[in-house]
Amino acid sequence: MKLLISTFILGLLYSILLLGSESQAEVGGLVILAFIVSLLGKKMGLMDRLASAVQEFPKFPAYATVAGVLITMVVFHNSHFALLMLATVLIYSIVCLGLNIQFGYVGIVNFAGAAFFGIGSYTAAILATHTAVPHLVILLLAACVSALIGSILIYPVLRTRGHYAALVTIAFGILFRNFLEVNDTLGGPQGMKIPPLNLFGWNLSNGIEILGHEISFYIPYLLVALILLILSFTITRNLERSWIGLSMDMVRTDEIAASTYGVNVAHWKIVAFTLGNLIAGMAGALYGMMTAYVAPNNFTFADSLILVSIVILGGIGNPWGIIPAAAIVVILPEKLQFIQEYRFLLYAIVVILILLFRPDGLLPRRIREYFPGNKGGDPK
Amino acid sequence: MSQAKKQILAATNLTMRFGGVTALDSLSMHVNEGEVLGLLGPNGSGKTTFFNVITGLYRATSGNVTFRGKDLTDASAQEVYREAITRTFQRSRLSLPLTVFDNIAIGDNRRLNTGLLFNLFRRKEFKQEYDREVDQVNQLLLTFNPKLANKIFEPVASLAMIDRRRIEICRALISEPDLLLLDEPSAGMTHDETVEVMDDILQVRSKIKPFTIILIEHEMSLIQRMTERCIVLNYGKKIAEGTYDEIVNSPEVQVAYLGQE
């Protein structure tokens, strides 16, 4: 427990420093520090010790994450940029949880993640501009539209496997962007404005004052994102720890053995694909409302690649890996602005180094435990 | 004799063509309830194809298959499984990253509740079903080979070849099938190991229920020990049928295996 708490405090301090850092020296120093710490940690077997500590307190990471986000939020209560980044990390994590169901469990690599994210954003833009649908309902509707449009892809994805299914999604992602650019009703290349999220008559984009402190308008979005993250995380987690997760794993690892034992391969592929797109669409709608603006350029193939790389970097199939991976992928390029064009080069090097030292991602998927800390009818 | 044997599985004029290759050539055969039938033949004679056609992985070009009088010719793999027919594969088809429990539990798929709401949100009820399943898998492992019961939550990748084969057989047995298709269980194992695994199977069979077995095997001593009746295939055709002694002495079988003198 001591180890967990001290790791939590150090991690929190580090992310607050990184989010708040502005000068080149600070950011550079912090990146190098992270590198040294991870090398030392590897030598000391820190990851294994942490893992066994988590084994003892399986609920700790969840509480720590929520607490970490809340504390960071309070620290940066009036700094728009830091909060925007934090909210973006959360929203990207939500999308990647969806992709993780597709990629990590059932084995469909979806290279159109940004497209489904975009469908969510555009749906929100249209519904919020032209209708009086309550905005929370819009989040749900956007998710459904994204899943519905995704169902166009179900047939080709079912008929193909592995790389070929991935190609189908790549084609869809490119089609989607081109469609947006030539479609004038959707704003063409200029995109559309989205009215801010309005919860129960409260316009979230108006600044708020609490106890004399002015609070950034990003905070409410951050909280909504946090709630959605917890929701989709719970769904992903329970999915993995159930017969559905088992069936999906069988579909991924051996379709022939799976169907011989009565697993309906097509059914689970459809469920995973739809559920993933649903989650991506929901996240997209929130993101659109937060940034108040959607344009085709936000949903390119490169963005889809970034989403897939978050899943791989985090450890395919492990929802826990996604959050730190999303943090690295979102925050690092922004913070490395001081080296101008070279920032993506450095960012790429960091990603390659991580995968070199941890080929299965930051937090590789562990063996399934249906009820951690409690083996159920354990014979021993 | 009042023991008129009841047929459990029958194939009539079963033909399977892959382009120009005829893997099964109007094969007619049957299996009696509760018997152990040996299926022999040189490599490429159509034994595994026969299994694949029965289990719905391939669709027969012509002919038909009935199981307990029900037509299974065009049934999908899932439908065949639900009729309580299970199989093992010649090359191990376990999911290596998954645990022993996971690999066996999926074999019980038809009794698992895979409803979305049940699995995602009714965790208490799910826990009950899960505990029951753990108990069942554990029971089977204890009956099959008690040494394996300690490894129930270990990944299959960490097990030796012989244990993996055992797990595969357990996966086929957990749903208490009526017909078990064993595709060359000796592949990749030593003679002694195979004998050990076969003894385990016979032991479970005597304890749980006398299910019917079709056994594809090259190891002749195993065929002699296990089977009551044998069918020999060559180029997709049945060339001999009878007890072990009968087929071993059949001139056609000798020609098929050893060639014409």
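## Helix α6 against helix α13 in chain A

Axes here are lines fitted to C-alpha atoms, for helices over the stretch in contact, and angles run from 0 to 180 degrees between N-to-C directions. In this predicted model, helix α6 (residues 113-130) of chain A packs against helix α13 (residues 301-314) of chain A at an angle of about 110°, and their axes lie 7 Å apart. Angles of 65 to 115 degrees count as roughly perpendicular, and α6(A) and α13(A) are therefore roughly perpendicular to each other.

On the α6(A) side the contact involves G113(A), A114(A) and A115(A), which meet D303(A), S304(A), L307(A) and V308(A) of α13(A). Sorted by class, the contact of α6(A) with α13(A) has 4 nonpolar, 2 polar and 1 charged residues.

## Helix α5 against helix α13 in chain A

Helix α5 (residues 80-106) of chain A also packs with α13(A), the two axes coming within 9 Å and crossing at roughly 70°, which makes α5(A) roughly perpendicular to α13(A). From α5(A), the residues in contact are Y92(A), V95(A), C96(A), L99(A), N100(A), F103(A) and G104(A), while α13(A) contributes L307(A), V308(A), I310(A) and V311(A). This contact of α5(A) with α13(A) has 9 nonpolar, 2 polar and no charged residues.

## Where chain B touches chain A

The contact between the chains takes 34 residues from chain B and 28 residues from chain A. In chain B, at least two residues each of the side that touches chain A come from α2 (77-82), α3 (100-105), α4 (116-121) and α5 (123-144), and α5(B) gives the most, with 8 residues. By class, the side of chain B that touches chain A has 15 nonpolar, 10 polar and 9 charged residues.

Technical notes
Residues are numbered from 1 along each chain as its sequence is written. Chains are lettered from A and ligands numbered from 1 in the order in which they are written. This is a predicted model: local features need pLDDT of at least 70, side-chain atom pairs count only at pLDDT 80 or more; totals for chains, interfaces and linings use all residues. Helices (H or I, at least four residues) and strands (E, at least two) are DSSP runs, numbered from the N terminus. Angles under 35 degrees count as roughly parallel, over 145 as roughly antiparallel, 65 to 115 as roughly perpendicular and the rest as oblique. Two residues are in contact if their C-beta atoms, placed from the backbone, lie within 7 Å. Ala, Val, Leu, Ile, Met, Phe, Trp, Tyr, Cys and Pro count as nonpolar, Asp, Glu, Lys and Arg as charged, and the others, Gly among them, as polar.
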